[in-house]
Amino acid sequence: MISQSRQHTLLEAIGEDPSRKVHIPQGPSYLTNPPGTTFWQAVGSWMFTLDHKRIGVMYLCGVMFAFLLGGIYAGLVRVELWNGTPGFLGESLQQAQNNYNQAFTLHGAIMTFLFIIPSIPAALGNIFLPMMLGAKDVAFPRMNLASFYLWCTGAVFFVATLLTSGLDTGWTFYTPYSTTTSTSVILATLGVFILGFSSIFTGLNFVVTVNTMRPKGMTWFKMPLFLWGIYSTAIIQVLATPVLAITLVLLVCERTLGIGIFDPAKGGDPVLFQHFFWFYSHPAVYIMILPGMAVISEVIPVYSRKHIFGYTFIAYSSVAIALLGFLVWGHHMFTSTESALAAVIFSALTFTVSIPSAIKVFNWLTTMYKGAIHFNAAMCYALAFMFLFTIGGLTGLFLGALSVDIHLHDTYFVVAHFHYVMMGGTLIAFLAGLHHWWPKMFGVMYNEFWARIACLLVFVGFNLTFFPQFILGTQGMPRRYAAYKEEFQFLHQLSTTGYFVLGTGLFLAAAVLIISLFKGKKAPDNPWGAATLEWKCCSPPTHHNFEVQPWTGSPYVYDDFVYDPDAEGYVEVLPDLQRDAKPAEAPAAPATT
Amino acid sequence: MHPAPLLNVFDTPLPLAAFGIDWFRDAASTQAAKVDTLYFWILAICIVFFVLIVGLMIVFMARYAARPGHVEEHTSHHNNALEAAWSIFPGFLTVGIFWFGFLGYLDLRTPPDNAYEIQVVAKKWNWSFVYPSGYIDSNLHVPADRPVKLIMSSDDVLHSLFIPAFRVKMDVVPGRYSKLWFEATTPTESFDEAIEAKDTRGDVNGYDLFCTEYCGEGHSAMIAKVIVHESEAAFEKWLVEADVIELDSSPVELGQKLWLQRGCKQCHSIDGKKGTGPSWQGTFGTEQDMTKGDPIEVDENYIRKSILEPMADIRAGYKGVMPSYKGQIKEAEIAALIWFIKSLKEGEEVPATWEEAGGVPGQETEEEAAEGEAPADEAEPAAEAPAEDAAPAKEPAKAA
């Protein structure tokens with residue numbers, strides 16, 4: 001990790017006086033039960049736990065299962081598209097089309113509602129939000145458990161959909177198709193409805209936790225940026241999700257009772273559904289990406305050994321994205337017969353969102369400037385994130401520009417764009433966070449070498465899968481086609497090949513992490529020398545995280561952490577009074593060494 | 001061709017051409033060049049920013065990699081001037097992109113007054129293009145160098161009409177009319193080829209026309225062609241010939257053409273294979289179970305009713321997804337379809353000419369036309385299609 005000479009300098013500087021190193025008391029880990037617990041007691045202790053970390057771990061298992069399921073459906077879609085003529089998913093065109101439509105619908109719906117939206121906030125957020133606050137738990141532990149079981153219930157509805165007549169509406173449930181198809185629309189919408197409650201519960205819990213449980217000394221602008229990201233996300237979850245719930249209730253009423261709110265024959269309007277739907281689902285895009293950005297804001301400074309650059313701009317940009325995200329839903333409807341005036345206004349507003357996103361990228365980049373960059377797996381994922389998110393963000397400019405969007409709308413260009421943002425952004429950030437926090441969560445170190453190989457495969461596979469789709473879209477290949485014209489075949493085959501490389505990378509990453517649980521070396525309390533509070537408890541943490549309230553310093557000043565070869569990790573050196581008296585921000589002039 | 005002046009900058013240097021991949025399809029409308037120009041300007045801006053960001057990232061990765069002897073330097077934690085600059089400068093760029101997108105969009109949304117109007121009816125899963133003469137085709141025929149306005153409506157769910165070569169797209173929404181216009185610049189067909197194209201669906205030489213709003217099972221098969229005629233005169237000539245050609249062929253031949261053209265083929269096979277709808281092979285005269293009520297014999301009445309009111313009696317084992325053709329199909333065409341279905345059953349006698357079939361249903365005879373009596377839409381229904389259970393079909397809506 002840290003250079004030998006620097007280690008010596010630092011250890012000499014502190015005189016290797018063990019009394020000056022912060023002592024982290026060890027206790028029974030949250031993962032274990034007291035000796036003598038029977039199997040069923042142990043199961044019960046997990047099922048009914050109020051410990052945010054255990055709930056987070058259960059969420060992690062759940063969303064990973066959903067991701068696997070969604071990934072399998074993605075594979076069915078990609079393999080079917082190897083040839084322009086149907087074959088893999090059914091012998092006749094009709095069969096293949098039917099199965100294909102169900103495959104892409106379930107891929108989209110499962111990935112969106114069961115994986116991306118809950119992934120970072122519900123799994124990583126649940127575990128690390130209280131710990132970053134130096135707290136014992138979230139504000140409402142029982143509500144937290146309830147939100148997990150709501151998620152499970154919602155997931156059961158989706159699985160029920162798979163077992164009944166499937167779902168073929170696309171994840172957007174556009175009317176009037178969704179009110180007329182014979183597939184299990186009601187089951188799926190009820191599932192999403194319940195998942196919405198889970199999302200609201202989590203968001204509400206996080207808002208209250210951050211508002212009320214910040215420790216003494218942690219003002220808003222001394223909070224780690226992960227908390228800013230999760231907080232902004234939570235606000236969107238609380239405000240936008242009810243709109244989705246209402247929309248889906250209306251959809252179910254339309255299907256069962258024929259109330260006619262979306263049916264033109266009864267004076268309704270099918271485009272109204274799109275307005276309702278995107279009023280939730282566009283902010284939901286930021287529910288997906290803001291936590292990803294938040295993870296990256298934590299990972300890059302730690303592995304660059306640099307204070308994050310432009311803290312306030314990053315913090316405000318999270319809030320700005322959350323607020324502006326509510327104003328741009330109409331850009332999904334430029335071709336939907338929406339009025340020209342509305343289209344122009346939504347286009348203009350859409351561009352405003354690009355600025356705070358750009359600010360974040362520039363700030364991460366500047367954070368790396370003159371740092372000492374450690375290419376740990378987590379950092380490799382963060383760098384991959386920057387690469388992919390840059391492409392994803394820049395291609396948003398094409399779709400915001402009205403006349404160009406008319407051509408690209410509902411083509412593979414859009415498919416590529418949102419996969420770069422949502423998958424290249426959220427999933428890669430999720431993996432970065434998972435690798436960063438893995439030693440803290442499970443108290444073990446994974447194999448760095450293989451984790452980096454997995455990261456490389458994921459990166460290469462991802463670009464191979466989705467970059468050709470930009471070209472396909474520009475050439476006019478529409479979305480959601482089970483069969484296509486011959487001239488698109490080469491690019492589709494590249495894309496399908498990419499899927500397998502990507503899949504291999506993801507399985508390798510999973511294998512590396514799972515093997516570490518059994519064979520991994522015991523993790524030190526602070527293996528990366530990070531300064532946020534979660535690293536100030538033992539790995540894995542005890543049930544109550546901290547014995548005493550940890551000292552709250554700047555989350556991005558790494559000078560107090562020196563590498564201790566005995567512990568194979570970093571130890572904190574108690575700050576002396578002089579440093580304590582310094583302002584939170586270091587002097588503007590660069591220090592010379 | 002109408003190359004916009006800025007486009008020339010990007011005419012050739014795209015590296016993809018080396019791999020035999022066209023970045024865009026050919027631009028074949030007046031708007032296309034403008035859209036492409038803005039596309040390539042945005043692409044240029046993106047490449048600059050991408051190279052800047054990823055380039056710096058790679059430089060930093062190389063220069064500041066942790067290694068023995070390398071120590072991080074403390075630099076300032078923020079720099080308001082710098083941060084303000086990199087917020088404001090991209091802000092100006094996006095305003096520029098927005099502005100040009102806005103101008104292009106206004107152009108796409110404002111059809112000229114002299115535009116030629118064609119009505120479009122979208123249904124699962126085919127397109128019907130209704131020309132001012134009342135003639136309906138499954139491919140879109142337009143004259144070159146003349147603005148064309150499409151007035152579009154949907155019979156069932158959302159569809160979206162997309163012509164990549166023209167860079168135009170608009171959703172087709174049930175319950176309202178949406179508009180789309182373009183001016184094609186590059187003809188696709190000679191006149192004879194265009195006449196032949198009438199018999200096939202999607203397989204002719206023309207620009208692709210896709211449905212891009214997911215509309216269910218046959219979404220990816222909802223493809224038609226845009227055939228651009230050399231001149232308005234050629235187009236008018238084609239329209240006249242296309243409209244009468246049906247009477248030159250036998251009822252069965254016309255039925256088969258309609259099967260291809262009017263979207264029947266999407267769901268009804270003629271070789272016995274089960275599709276979204278029942279196969280037509282051997283089905284005539286058989287008795288079939290219905291989802292509701294007693295079994296019904298597939299006779300002229302049932303076929304006619306199924307075309308005009310498909311939801312009335314649905315064959316058991318099939319979903320009720322067929323759209324109604326009421327008002328969009330002529331009596332003669334219904335008769336031709338019935339003859340065609342009859343011909344798919346062994347042992348059924350089919351007439352070789354319309355005379356043998358007892359005349360063209362719904363078609364005014366020469367004498368009647370001379371007397372100016374009996375308008376077509378009030379003519380007696382054909383013998384094969386008794387009117388007792390269905391009102392006479394209306395003539396297709398005439399475009400203004």
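First, the ground rules. This is a predicted model, in which local features need pLDDT of at least 70 and side-chain atom pairs count only at pLDDT 80 or more, while totals for chains, interfaces and linings use all residues. Residues are numbered from 1 along each chain as its sequence is written, chains are lettered from A and ligands numbered from 1 in the order in which they are written, and side-chain values use heavy atoms, with hydrogens and water left out.

Let me start with the interface. Contact here means heavy atoms within 4.5 Å. By that rule, 102 residues of chain A are in contact with 92 residues of chain B. The two chains bury about 8,400 Å² between them, and carbon and sulfur atoms give 67% of that. Buried area is the accessible area (1.4 Å probe) that two parts lose on being put together, summed over both. Of the area that chain A buries against chain B, Phe362(A), Lys370(A) and Tyr481(A) supply 8%, more than any other three residues.

How many salt bridges cross the interface of chain A and chain B? The rule, a side-chain nitrogen of Lys or Arg within 4 Å of a carboxyl oxygen of Asp or Glu, finds three. Lys370(A) forms a salt bridge with Glu73(B), at 3.5 Å from N to O. On the side of chain A that touches chain B, helix α11 (residues 340–368) of chain A gives the largest share, 15 residues. Helices are DSSP runs (H or I, at least four residues), numbered from the N terminus.

Next, Arg305(A), which sits in the loop between α9 (270–304) and α10 (311–324) of chain A. Arg305(A) is buried and has no salt bridge; Glu72(B), the nearest side chain of opposite charge, is 4.9 Å away. Buried means under 20% relative accessible area (1.4 Å probe, protein chains only), and for charge, Lys and Arg count as positive and Asp and Glu as negative, with His and the chain ends not counted. What does its side chain reach? Another is the backbone oxygen of Gly529(A), 3.0 Å from a polar atom of the Arg305(A) side chain.

Last, helix α5 (residues 251–261) of chain B. Nine of its eleven residues are buried, among them Lys257(B), Trp259(B) and Gln261(B). After α5(B) comes Gly263(B), with a positive phi near 90°.

Technical notes:
Helix = DSSP H or I, 4+ residues; strand = E, 2+ residues; numbered from the N terminus. Buried < 20%, exposed > 50% of the residue type's maximum accessible area, 1.4 Å probe, protein only. Polar contact = N/O pair within 3.5 Å; in protein donor to acceptor, adjacent residues only side chain to side chain.
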